[in-house]
Amino acid sequence: AVGDYDRVNHKMEWKITVNPNGMNLTKARLVEDISSIAGSQSHTFAPPGMENPGVAAYTIEQTVGKALDDNLPAGVTSKVKAESEKRIIIELENVNGATFSFNLTTYADDRAFWQGTPRGHLKMKL
């Protein structure tokens, strides 16, 4: 995944490409775990101000679900589960040979992180 960092709003937009090699997949599982990012205490899938874990999980699931739905090829179905503010699981069915991309947003709300982050592209291995 490659992402752009928005220094003003302290968020990163990650472009996730599913099945880039066009494999014939009937079921696929994507695990997006940002706890391994350096300074991970400051990264979350939940927008700032989400202190209730249930509300945060619901918000993440709805936001990621919409990003997927807006980009899914015909016939592909998805289910999103937020295990925490740092880990989501995406179940896909009927991908077949389709390749598609969608965006995920992470937020950096720790001042120590965002004051020292350089401009430009960031890379994350998923």
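This is a predicted model: local features need pLDDT of at least 70, side-chain atom pairs count only at pLDDT 80 or more; totals for chains, interfaces and linings use all residues.
View 1. Follow β5 to its end and you reach a hairpin, where four residues join β5 to β6. To find your place in the pair, look for Lys79, which stands opposite Glu91 of β6. As you trace the strands, remember that side chains in a regular strand alternate between the two faces of the sheet.

**View 2. Here is the largest nonpolar core, a set of 27 residues.** Which residues have the most contacts inside this core? They are Val64, Leu68, Ile88, Ile90, Leu92, Phe102 and Leu104. Helix α1 (53–69) and the strands β2 (11–18), β3 (25–33), β5 (77–82), β6 (87–96) and β7 (100–108) each give two or more residues to the core. Of these, α1 gives the most, with five residues.

**View 3. Phe102 and the residues it touches are shown here.** Leaving out residues up to four places away in sequence, Phe102 touches Trp14, Lys15, Ile16, Val18, Leu30, Ala67, Leu68, Asn71 and Ile90. You have met Leu68 and Ile90 already, as both are among the residues with the most contacts inside the core.

**View 4. Now zoom in on Ile60, which lies in helix α1.** Is Ile60 buried or exposed? Its relative accessibility is 3%, so Ile60 counts as buried. Beyond its neighbours within four places in sequence, Ile60 is in contact with Phe45, Ala46, Ala82, Ser84, Glu85 and Ile88. Look for Lys81 too: 21 residues separate Ile60 and Lys81 in sequence, and their C-alpha atoms are 8.5 Å apart in space.

Definitions and conventions
Residues are numbered from 1 along each chain as its sequence is written. Side-chain values use heavy atoms; hydrogens and water are left out. A nonpolar core is a set of buried Ala, Val, Leu, Ile, Met, Phe, Trp, Tyr and Cys residues joined through side-chain atoms within 4.5 Å. Buried means under 20% relative accessible area, exposed over 50%, partly exposed in between (1.4 Å probe, protein chains only). Contact means heavy atoms within 4.5 Å. Two strands pair if DSSP finds at least two bridges between them.
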